[in-house]
Amino acid sequence: MSQKSSRIRNVFEPLDSSLVTRRWQERFGISEQVFSGCIFFRKARSIWAISDVDLPALSYEAVGMRIMNCKDRPWKPTTSALQIFGRYATKNIIHLNQEESMIFLEGGSQVIESDCEIGYVVVFYRGDVLGCGLYSHGKLVSQIPKERRMASTIKGAECEA
Amino acid sequence: MDCLDRYREIVPDYVGFRAIQSLPLYNSARINTLKIEREKLLERLEEEGVLFRSFEWYPLGLKLDIESPGKLLENLLGFIHIQEELSMVPPLVLDPLPGECVLDLCASPGSKTTQISQMMENQGLVIANEPSLARVAPLRSNCERLGVLNVAVTRYDGRNFPRGPFDRVLVDAPCSSEGRERRGPGVLSRCSRERSLDLGVLQISLLKNALRLTKPGGTVVYSTCTYAPEENELVVQKVLEDAEDLRLEKVSIAGLQECPGITEWNGKRLNDALSCTARYYPHINDTGGFYVAKIIKN
């Protein structure tokens, strides 16, 4: 199961944990200890995390949680992963107020003032991680997956196809 | 609703049983302790003015007096999972422990899978098996929303799931779903003794394979949301007949009233031990309907 074959055959290939934790440390300042109970796998362009166990030899459809998408640069954290690990972030964080968080949860874009670096950010509301946002040139674009968005209010109707 | 008529002799207070079928079931949800503590969640709901009541038999179960609980922010964030009350019983009977290796043979949409995961505190391993590709999507989506990290998904035909061994296996079998009438009226129009007999063949194969995959000393829980003995006691009786190393353990949840599994059907005597299995009727606890058996492999 070399890296090459995993991409071709679409199988889960074990991944050295430092390759994963380094990226979360760099972007969000999340300590590698946060991931200490997990092992990691790569399948195609996604990285998955699962509790640290010996996996029986089976053919898997999913192995734990898909935590990163490395299809494009920069890599993108999933909203599911941020909701678990994002609360340990020390940088590239945006806190929203109630009105802003509604727009975010509906999948919308909005102007937000922040000193975050350009790229993916952890979005909070009242201490809870809402999910992943893309921050660029003063604009925050929600990356919440469609099936996990709030139904649009009348004003935010543009957000939902 | 004629398909229920044949249960006249086995259901206590049959008139009450018929009468409640047309009453819709309230909404209910499970608190997901992988993401939030119970007290914090209750505080949030109170703050938002959501009316709720905890189950008497399970502190993590809530009856919600709200029309669309799926739209609650708490649901979108995975703090709660919309789940029918009795659907929370089989994982409690299975009683998995952190660090164990557990198989959920018929897993989608993952309500019980994720409850098992939460009982195991995200440690150990749950294999969630679901043969249908279309049904894998909601299973995965629920696992991800609820912050589950100890579940791996497979897509085998449960009758041929290849290898174990597992400490515990849940067989929440495909069934005629007669117990879901209060949730989705019309279910009963598709039910018949013949359909139940057909499903019974599948259910026996699933349960036999589950027992094969279980470690000695391990536990298998078999559950359905139906009343048909052909899908319940007769399935369990068949696997007991064909193996010598099995015994039934009494299914009982404090605060929830069960009726004993039947030991006679259509004039035929069944294995007496089947009275250890549990039938849950809608008019007794104001719920849906369920059947649960707990089998120990010696």
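1. A residue is called buried when its relative accessible area is under 20%, exposed when that area is over 50%, and partly exposed in between. Arg247(B), at 39% relative accessibility, is therefore classed as partly exposed. Glu249(B) is likewise partly exposed, with a value of 29%. The side chains of these residues, Glu249(B) and Arg247(B), form a salt bridge with an N to O distance of 3.7 Å. The model discussed here is a predicted one.

2. Over all chains, 27 salt bridges are counted. One of the arrangements is a network, in which salt bridges link Asp128(A), Arg44(B) and Glu74(B).

3. A salt bridge of 2.7 Å (N to O) joins the side chains of Arg18(B) and Asp5(B). Because Arg18(B) belongs to helix α1 (residues 14–20) of chain B and Asp5(B) to the segment before α1 of chain B, the pair ties together parts that are 13 residues apart in sequence. Asp5(B) has a relative accessibility of 30% and thus counts as partly exposed.

4. Lys215(B) and Asp167(B) also form a salt bridge, their closest N and O atoms lying 2.9 Å apart. This pair connects distant parts of the chain, 48 residues apart: Lys215(B) is in strand β9 (residues 214–224) of chain B, and Asp167(B) is in strand β8 (residues 166–172) of chain B.

5. Chain B is divided into domain 1 (2–13 + 85–297) and domain 2 (26–83). The centres of domain 1 of chain B and domain 2 of chain B, taken over C-alpha atoms, are separated by 25 Å. In the contact, 25 residues of domain 1 of chain B meet 24 residues of domain 2 of chain B. About 1900 Å² is buried between these domains, and carbon and sulfur atoms give 51% of that area.

6. What kinds of polar pairing occur across this interface of chain B? Zero salt bridges are found between domain 1 of chain B and domain 2 of chain B, but 19 residue pairs are in polar contact there. On the side of domain 1 of chain B that touches domain 2 of chain B, the elements giving two or more residues are α4 (89–94), α5 (111–119) and α6 (133–145) of chain B. The largest share, six residues, comes from α5(B). The residues on that side divide into eight nonpolar, 11 polar and six charged.

How values were computed: Residues are numbered from 1 along each chain as its sequence is written. Chains are lettered from A and ligands numbered from 1 in the order in which they are written. This is a predicted model: local features need pLDDT of at least 70, side-chain atom pairs count only at pLDDT 80 or more; totals for chains, interfaces and linings use all residues. Side-chain values use heavy atoms; hydrogens and water are left out. A salt bridge is a side-chain nitrogen of Lys or Arg within 4 Å of a carboxyl oxygen of Asp or Glu. Helices (H or I, at least four residues) and strands (E, at least two) are DSSP runs, numbered from the N terminus. Buried means under 20% relative accessible area, exposed over 50%, partly exposed in between (1.4 Å probe, protein chains only). Domain bounds come from an automatic or database domain assignment. Contact means heavy atoms within 4.5 Å. Buried area is the accessible area (1.4 Å probe) that two parts lose on being put together, summed over both. A polar contact is a pair of N or O atoms within 3.5 Å; within protein, one must be able to donate a hydrogen and the other to accept it, and residues adjacent in sequence count only if both atoms are side-chain atoms. Ala, Val, Leu, Ile, Met, Phe, Trp, Tyr, Cys and Pro count as nonpolar, Asp, Glu, Lys and Arg as charged, and the others, Gly among them, as polar.
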